[in-house]
Amino acid sequence: MDGSKHTDTAPVLILLGPPGAGKGTQARVLQEKFGLVQLSTGDLLRAAVAAGTEAGKQAKAVMEAGGLVSDEIVLAVLSDRLAEADCASGVVLDGFPRTTGQAEALDGMLAVSGQRINAAIALEVDNVKMVLRIAGRFTCTGCGEGYHDSFKPTKVDGVCDGCGSSDMTRRADDNAQTVMSRLDAYQLQTEPLISYYADKGALQRVDAMGDIDAIGERIAQIVSSVTA
Ligand code: ADP
Ligand code: ADP
Ligand code: ZN
């Protein structure tokens, strides 16, 4: 015995960062590289809106205005998804937690199952870049792959590289007006989580400017070191 604390619980990683930082893009990379399940509360909420559930009805207007959906609704959709069997192999949380209340609730949920947060990875981008990233974002409906008009175009115009679908969507909230509200919400309600996780010794900062693959490498190194 080397005296180090041995845990064989499934990894839990958090991707923190403003809208457009690259959380979704890098969560998919981690899903591929490490067999983790990407849990995006944004995707879960958009699915609830599309399905017209009670949670979706309450979330819709808030999302369109660029505000944060209530902790109660977000925690309900997240905890339901976290309880599904595939999450047992480990998760990468994308866009959650976004408030101190959500972070505390997550700590409580993980404590119950004897799990812990391996790392909260903060993606750092400048505000001008973030707005440009959001303005050109589109997503394949077939497989969920994210693209960008200028920074990550499809190889064949209008056709997904991954699944070949030509059904692409753009988010209703990816517009110039809403972006500023989303950035405000981030700075006021989410940025405090950087010190929350720094205080716990779980924070890892990553320069998220530049090449998608290079950033993916930096994140993969961190993940390897915290899950070893
Ligand atoms: P988030 O989930 O943090 O909102 P996304 O991963 O959806 O961010 O990325 C926002 C947009 O920027 C997408 O169109 C994506 O293709 C693009 N993008 C992601 N990472 C980079 C990067 N390093 N450089 C340029 N564009 C990027
Ligand atoms: P982004 O790419 O801007 O980071 P997301 O897809 O993560 O966007 O979230 C889109 C919207 O969904 C947010 O602006 C917010 O209204 C809502 N949302 C997503 N996750 C949360 C959360 N954890 N808490 C509150 N609202 C959330
Ligand atoms: Zn696709």
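Biologist: What classes do the residues of the shell around ligand 2 divide into?
Modeller: In this predicted model, the shell around ligand 2 is made up of seven nonpolar, five polar and seven charged residues.

Biologist: And which ones are closest to ligand 2?
Modeller: Of the 19 residues that surround ligand 2, the closest are Lys23, Thr41, Gly67, Gln102 and Arg182.

Biologist: Which helix gives the most to that shell?
Modeller: That is helix α2, which covers residues 41-51 and contributes four residues to the shell around ligand 2.

Biologist: What does Arg182 do there, in terms of distance to an oxygen atom of the ligand?
Modeller: A polar atom in the side chain of Arg182 is placed 2.6 Å from an oxygen atom of ligand 2. On the nitrogen side, a polar side-chain atom of Gln102 lies 2.9 Å from a nitrogen atom of ligand 2, and Gly95 brings a backbone N or O atom to 3.0 Å from a nitrogen atom of ligand 2.

Biologist: How much of the accessible area of ligand 2 does the protein cover?
Modeller: On its own, ligand 2 has 550 Å² of accessible area, and the protein covers 97% of that.

Biologist: Changing topic, where does Pro97 lie?
Modeller: Pro97 is in the loop that runs between β3 (91-94) and α5, and the peptide bond that joins Phe96 to Pro97 is cis, with omega at about -5°.

Biologist: At what angle do α5 and α8 pack?
Modeller: Helix α5 (residues 100-112) and helix α8 (residues 192-199) pack at about 30°, and their axes are 10 Å apart.

Biologist: Which residues make that contact?
Modeller: From α5 they are Thr100, Ala103, Glu104, Leu106 and Asp107, while α8 supplies Leu193, Tyr196 and Tyr197. Sorted by class, the contact of α5 with α8 holds five nonpolar, one polar and two charged residues.

Biologist: One more thing, the sheet with β5 in it: what is the strand order?
Modeller: The order is β6-β5-β7, in an open sheet of three strands with antiparallel pairing.

Biologist: Why is one side of β6 and of β7 left without a neighbour in the sheet?
Modeller: Both β6 (146-148) and β7 (168-169) stand at the edges and have a single partner strand each, so one side of each has no neighbour in the sheet.

Biologist: How many bridges link β5 and β6?
Modeller: Strand β5, residues 137-140, pairs with β6 over three bridges in the antiparallel sense, and within this part of the sheet Thr139 stands opposite Gly146 in β6.

Conventions: Residues numbered from 1 in each chain as written. Chains lettered and ligands numbered in written order. Predicted model: local features only at pLDDT ≥ 70, side-chain atom pairs only at ≥ 80, totals over all residues. Heavy atoms only, no water. Pairing = 2+ DSSP bridges. Helix = DSSP H or I, 4+ residues; strand = E, 2+ residues; numbered from the N terminus. Near = heavy atom within 4 Å. Polar contact = N/O pair within 3.5 Å; in protein donor to acceptor, adjacent residues only side chain to side chain. Areas by Shrake-Rupley, 256 points an atom, 1.4 Å probe, with all protein chains shown as cover. Nonpolar A, V, L, I, M, F, W, Y, C, P; charged D, E, K, R; others polar. Axes fitted to C-alpha atoms, helices over the stretch in contact; angles between N-to-C directions. Contact = heavy atoms within 4.5 Å.
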